Each structure stands twice: as C-alpha cells, then as structure tokens.
Amino acid sequence: MLDEQTHVPPLESLEPVAGAADVIRLAEQAREVYVEDSLSRYVVALLRQTRGDSRLYLGASPRAGIALLRVAKARALAAGRSFLEPDDVKAVAVAVLAHRLILAPEARSSGLTGERIVQETLEKTPVPV
C-alpha cells in the first residue's frame with residue numbers, strides 16, 4: 001500500500017465524470033424540484049422538535065432547514081423526480097442536521113449523539129400524507 005500510494009498515486013489517474021457547467025446545471029435543476037407546502041411544514045416541525053429538546057443546548061436553525069430542503073431536493077432529482085417526497089427529507093436528515101446540533105453537557109456525557117437525536121426526532125414527528 002505504501003509503495004502504491006507513493007510511487008503511482010491512484011488519485012492522479014482519476015478522470016472527471018462531470019465538469020463545472022454540469023454541476024451548475026444540476027444545482028439549477030435541483031432548485032426547481034417542487035416542494036408541496038405540507039413538506040415545508042414537516043421540515044419546520046423537525047426543526048422545532050430539535051429546538052424544544054431539553055437534551056440539546058442548541059437545536060437546528062432555520063438555515064439548517066434550508067440546507068435540509070436543498071439536499072432533499074437534490075436527492076429527488078437524482079432519483080429522477082421533479083417533486084419532493086417525505087422519504088427524501090427523512091433519508092438525508094441525519095446527515096444534514098446531526099452535526100448542526102449542540103448537545104447539552106449531560107447528554108454528551110451520557111453518550112448521546114446528534115445522530116440519535118435526529119433519528120428520534122424523525123420517529124416522533126408526523127409525516128405528511
């Protein structure tokens with residue numbers, strides 16, 4: 001492994017699969033993914049749930065909600081859809097929100113994680129039908 005990484009590093013032989021223009025075009029397409037009002041309210045409900053959690057010193061902010069919707073829209077686009085589904089939000093919520101939470105000292109010392117809190121929040125918050 002040492003010889004491989006120092007003699008002919010594999011990263012030097014990688015070829016791009018998309019250019020900057022492709023990435024910009026996909027970002028623009030993701031912005032156009034339709035979000036039904038009930039899904040926007042669902043995202044807000046998730047954020048409120050974290051802000052009301054006593055185990056957190058600081059819950060998810062409005063900017064976290066914007067990031068959650070943006071990533072969920074990109075997931076919908078990658079799945080070939082022009083509309084958002086609740087499962088898109090649920091699938092990316094832990095990755096988008098967990099690192100944005102600040103756990104209370106007691107929660108941190110008990111071994112609780114942001115990932116677990118987001119998962120519990122997803123389980124508690126009613127999903128729009």
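**View 1. Helices H4 and H5 cross in a right-handed manner.** Here, right-handed means that the near helix is turned clockwise from the far one by less than a right angle, and left-handed that the turn is anticlockwise. The model is predicted: local features need pLDDT of at least 70, side-chain atom pairs count only at pLDDT 80 or more, and totals for chains, interfaces and linings use all residues. Residues are numbered from 1 along each chain as its sequence is written, and side-chain values use heavy atoms, with hydrogens and water left out. Helices (H or I, at least four residues) and strands (E, at least two) are DSSP runs, numbered from the N terminus. The axes of H4 and H5 lie 8 Å apart, and the packing angle is about 130°. Axes are lines fitted to C-alpha atoms, for helices over the stretch in contact, with angles from 0 to 180 degrees between N-to-C directions. H4 and H5 are therefore oblique to each other; angles under 35 degrees count as roughly parallel, over 145 as roughly antiparallel, 65 to 115 as roughly perpendicular and the rest as oblique.

**View 2. The residues where H4 meets H5.** From H4, look for Ala64, Ala67, Leu68, Val71, Ala72, Arg75 and Ala76, which meet Asp87, Asp88, Val89, Ala91, Val92, Ala93, Val96 and Leu97 of H5. Sorted by class, this contact holds twelve nonpolar, no polar and three charged residues. Ala, Val, Leu, Ile, Met, Phe, Trp, Tyr, Cys and Pro count as nonpolar, Asp, Glu, Lys and Arg as charged, and the others, Gly among them, as polar.

**View 3. Arg81 in the loop between H4 (62-78) and H5 (86-97).** Arg81 counts as buried because its relative accessibility is 15% (buried is under 20% relative accessible area, exposed over 50%, partly exposed in between, with a 1.4 Å probe and protein chains only). Its side chain makes a polar contact with the side chain of Asp88 at 2.8 Å, and a polar atom of the Arg81 side chain lies 3.0 Å from the backbone oxygen of Phe83. A polar contact is a pair of N or O atoms within 3.5 Å; within protein, one must be able to donate a hydrogen and the other to accept it, and residues adjacent in sequence count only if both atoms are side-chain atoms.

**View 4. Helices H3 (residues 37-51) and H7 (residues 114-124) cross at roughly 125°.** Their axes come within 10 Å. That angle makes H3 oblique to H7, and the crossing is right-handed. Tyr42, Leu46, Gln49 and Thr50 of H3 meet Thr121, Leu122 and Lys124 of H7 (contact means heavy atoms within 4.5 Å).
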